[in-house]
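Please look through the model shown below before reading on.

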Number of protein chains: 2
Amino acid sequence: MLISKRIEAMQESPIRKLVPLSVAAKKKGKKVYHLNIGQPDIKTPDEFFQAIKEFNPGVLAYVFSEGIPELIDSFIEYYKGYGMSFEKDDILVTNGGSEAILFSLIATCDSGDEVLIPEPFYTNYNGFSSTAGVKVVPITTTAENGFDLPELEVMEALITDRTKAILLSNPGNPTGKVYTMDEINRVKDLALKHDLYIIADEVYREFVYDGLEFVSFGQLKEIEDRVIITDSISKRYSACGARIGCVATKNKTITKEIMKLCQSRLCVATLEQVGAAKLVEVSKDYMKAAFEEYDKRRKTVFNALQEMDGVLCKMPKGAFYITAKLPVDDAETFARWLLTDFDVDGETVMVAPAEGFYATKGMGRDEVRISYVLKEEDLIMAMNVIKEGLKAYNK
Amino acid sequence: MLISKRIEAMQESPIRKLVPLSVAAKKKGKKVYHLNIGQPDIKTPDEFFQAIKEFNPGVLAYVFSEGIPELIDSFIEYYKGYGMSFEKDDILVTNGGSEAILFSLIATCDSGDEVLIPEPFYTNYNGFSSTAGVKVVPITTTAENGFDLPELEVMEALITDRTKAILLSNPGNPTGKVYTMDEINRVKDLALKHDLYIIADEVYREFVYDGLEFVSFGQLKEIEDRVIITDSISKRYSACGARIGCVATKNKTITKEIMKLCQSRLCVATLEQVGAAKLVEVSKDYMKAAFEEYDKRRKTVFNALQEMDGVLCKMPKGAFYITAKLPVDDAETFARWLLTDFDVDGETVMVAPAEGFYATKGMGRDEVRISYVLKEEDLIMAMNVIKEGLKAYNK
């Protein structure tokens with residue numbers, strides 16, 4: 001029996017494909033530090049669970065395809081804090097940021113159309129693009145130049161008559177890149193000149209360090225009809241398992257059309273929507289404490305990497321990832337080996353090989369993505385495993 | 001700004017597109033009986049909510065992309081009751097039956113490939129097919145002949161070199177059709193002869209009336225490598241808002257490949273999985289009571305329709321829908337009119353126009369789908385609204 005070519009061609013998630021090896025390592029009694037996935041260890045706010053405990057519907061029924069009104073209102077309220085004013089029908093609740101991106105691609109691109117994406121990029125963009133039949137055209141950026149966007153002409157050279165959108169995460173996953181006003185304007189010019197949509201994945205907007213200012217594409221009045229913000233509560237409220245996100249855009253045609261996709265899958269899980277609607281009440285102290293914690297971890301991981309021979313990376317400015325070059329030929333082989341053959345006092349580490357975060361063949365082969373989502377003391381232990389691992393591996 | 005042709009071509013859900021009119025009717029103080037959507041009013045089992053109340057994870061983290069082990073085990077246990085034995089890696093938890101069908105289409109068909117579907121069919125199959133870029137080729141069945149499948153030759157005439165699968169719901173939505181052993185064998189022969197996958201949407205398997213026996217495609221050993229069962233807890237446990245479903249298949253290549261799609265959207269909402277895992281403990285009495293309640297409603301609605309002048313339908317044998325021909329030119333116009341211009345003592349009805357359940361242009365224009373998911377006394381009131389509505393409309 002044949003399967004489809006598109007699914008055969010789809011890569012396994014580099015974030016998750018080593019999971020069976022980590023399960024096996026744990027079965028052998030090893031402790032595994034998970035630096036592979038952006039799964040924060042910060043407590044999910046009590047408000048979330050409390051709202052669900054108080055919710056007694058009797059029948060757990062379908063809710064509106066666009067999301068429950070309380071949750072939509074809470075997103076509107078949240079965006080006000082970033083200088084963006086959305087109306088009720090500008091927002092559609094989705095199954096995490098994942099579905100928001102998939103729906104945005106389907107609405108803006110036909111099968112065979114092209115989307116520009118600065119690489120390295122969040123690897124699951126590949127999965128969404130495969131599902132939507134959209135071709136990813138990478139805008140290459142490198143660790144050496146801090147993942148800055150190239151000049152306008154370089155990006156323009158990639159445009160064809162099938163280019164429909166540019167998709168980018170800001171702050172960047174896996175790069176930690178935060179786009180400057182200059183870079184944002186360059187993307188704006190590109191979109192205006194070549195009639196592109198901007199799909200702005202801004203799920204890490206809370207995590208911008210070193211006093212840098214975060215600018216949302218949603219703040220640019222001039223192009224508000226071509227900006228589609230894809231969002232998620234997963235990271236800012238440490239609620240990845242809730243799978244609650246949204247599409248937010250001023251383009252009424254887009255919301256009307258994406259609504260069809262929302263209707264075809266009926267609705268998003270109800271309980272998590274009820275919980276998520278209360279997150280807007282979470283105190284500033286919670287957010288501040290989380291921010292400071294990540295900032296501290298960022299420095300810990302960066303400093304530890306700086307001290308390892310042959311490791312190259314720049315200090316990330318946002319999100320909670322570092323993409324680093326390691327002194328190995330193939331970072332995936334190294335990552336597998338850490339799980340199958342190495343430990344320090346019974347402890348080892350799972351990292352995400354970065355090759356799958358690039359679309360250009362061969363790039364990122366010696367890189368890994370590290371998520372600094374564990375508490376300080378665990379990160380110190382984990383970084384020591386990598387350090388000792390590199391020494392042993394290169395012997 | 002242009003949007004994609006595929007999203008523009010996608011129809012709005014006939015089940016949900018009249019929602020704004022029902023909202024407006026309610027604002028005017030009318031009561032609206034919802035016969036448009038398969039949203040049962042039966043209580044969701046306490047076991048579901050209790051499990052969630054007892055779940056205190058601290059951090060609501062990502063879980064396994066394939067679903068939590070407890071839920072997979074509970075599906076395995078459930079299928080045993082239907083004579084099917086699945087292993088752990090045969091089952092992938094999905095966002096409702098919706099995602100199960102979408103993933104099955106993507107894994108078996110490339111963009112432009114064809115899938116055979118007996119029509120009328122669950123209208124959202126159109127949405128999943130659009131999303132997957134798959135062409136729906138209808139196998140026409142009619143209310144007059146009780147929605148029986150045509151002979152093998154008739155179905156074979158629809159096959160091209162791009163036909164990859166046959167998708168069907170059994171018991172049927174919106175028809176209430178339950179396939180006979182003879183029809184099931186015909187589909188089996190078709191699949192074997194033309195190397196097709198069978199995507200079997202069996203979410204109404206609990207609701208088979210008049211002592212008929214339900215046969216799952218999963219029970220046919222001979223073709224177990226080509227059967228993909230798509231399932232959902234929504235209907236049998238009255239938990240539509242949970243959005244928990246699964247793909248179950250003995251074809252290890254299919255599960256391995258669909259796992260990539262599961263990984264790309266990370267995981268399914270955690271709390272609902274925790275609740276759903278306990279549903280296997282729900283007593284037989286709960287299931288029996290629900291069954292008897294639907295059976296009673298089925299007769300009530302069918303009998304009421306029989307008494308209306310010019311209405312044509314046969315007694316449905318399964319699920320909780322009736323598709324009926326009405327004495328009107330355009331059932332959608334009538335359905336809109338019921339919401340905007342008609343009431344009986346301040347009460348009106350929302351039904352689903354059936355045209356959107358057909359792929360063949362023009363078919364079903366005078367038909368509606370009625371879901372008998374409301375309690376007896378409400379159904380009686382609702383059927384009276386339709387009866388009086390038809391009289392007033394046709395004056």
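## Terms and conventions

A residue is called buried if 20 or more other C-beta atoms lie within 10 Å of its own, exposed if 12 or fewer do, and partly exposed in between, with the C-beta atoms placed from the backbone. This is a predicted model, in which local features need pLDDT of at least 70 and side-chain atom pairs count only at pLDDT 80 or more, while totals for chains, interfaces and linings use all residues. Residues are numbered from 1 along each chain as its sequence is written, and chains are lettered from A and ligands numbered from 1 in the order in which they are written.

## Chain A as a whole

The secondary structure of chain A consists of 13 helices and 12 strands, where helices (H or I, at least four residues) and strands (E, at least two) are DSSP runs numbered from the N terminus. The radius of gyration of chain A is 21 Å, close to the 21 Å given by the globule rule for 395 residues, so chain A is as compact as a globular protein of that length. Here the radius is taken over C-alpha atoms, and the rule is 2.2 Å times the number of residues to the power 0.38.

Along its principal axes, the C-alpha trace of chain A spans about 60 × 55 × 55 Å, and 57% of the 395 residues of the chain count as buried. Two residues are in contact if their C-beta atoms, placed from the backbone, lie within 7 Å. Among contacts in chain A between residues at least 6 apart in sequence, 76% join residues at least 24 apart.

## How the two chains meet

Chain A can be laid on chain B with an RMSD of 0.0 Å by a turn of 180 degrees and a shift of 0.0 Å along the axis. The two copies are thus related as by a two-fold rotation axis; the superposition is by least squares on the C-alpha atoms of residues with pLDDT of at least 70 in both.

The contact between the chains takes 67 residues from chain A and 66 residues from chain B. Several helices of chain A each supply at least two residues of the side that touches chain B, among them α1 (5-9), α5 (96-108) and α9 (252-264), and the largest share, seven residues, comes from α9(A). Of the interface residues of chain A, 99% are also interface residues in chain B, so the copies meet through the same surface.

## Helix α13 of chain A

Helix α13 (residues 376-393) of chain A has 18 residues, which at 1.5 Å a residue should span 26 Å, and its end C-alpha atoms are 25 Å apart, which agrees. The expected span is 1.5 Å times one less than the number of residues. In α13(A), Leu379(A), Ala382(A), Met383(A), Val385(A), Ile386(A) and Gly389(A) are buried. Seen down the axis of α13(A), the buried residues fall within an arc of 150 degrees, so they line one face of the helix; the arc is that of the directions from the helix axis to the C-beta atoms.

These buried residues pack against β1 (31-34), α11 (284-306), α12 (331-341) and β10 (347-350) of chain A. On the other side of α13(A), Glu376(A), Glu377(A) and Lys391(A) are exposed.

## Two buried isoleucines

Ile254(A) is placed in helix α9 of chain A, and with 25 C-beta neighbours inside 10 Å it counts as buried. Leaving out residues up to four places away in sequence, Ile254(A) touches Ala107(A), Ile228(A), Thr249(A) and Ile3(B).

Ile184(A) has its place in helix α8 (residues 181-194) of chain A, and it is buried, with 20 other C-beta atoms within 10 Å. Leaving out residues up to four places away in sequence, Ile184(A) touches Tyr179(A), Val215(A) and Phe217(A).

Most residues other than glycine have a negative phi, and most peptide bonds are trans. A cis peptide bond joins Asn170(A) and Pro171(A), with omega about -5 degrees, and Pro171(A) lies in the loop between β5 (163-169) and α8 of chain A. In chain B, the peptide bond from Asn170(B) to Pro171(B) is cis, with omega near -10 degrees.

Asp195(B) has a phi near 55 degrees, a positive value in a residue other than glycine. Asp195(B) lies in the loop between α8 and β6 (197-201) of chain B, and with 12 C-beta neighbours inside 10 Å it counts as exposed.
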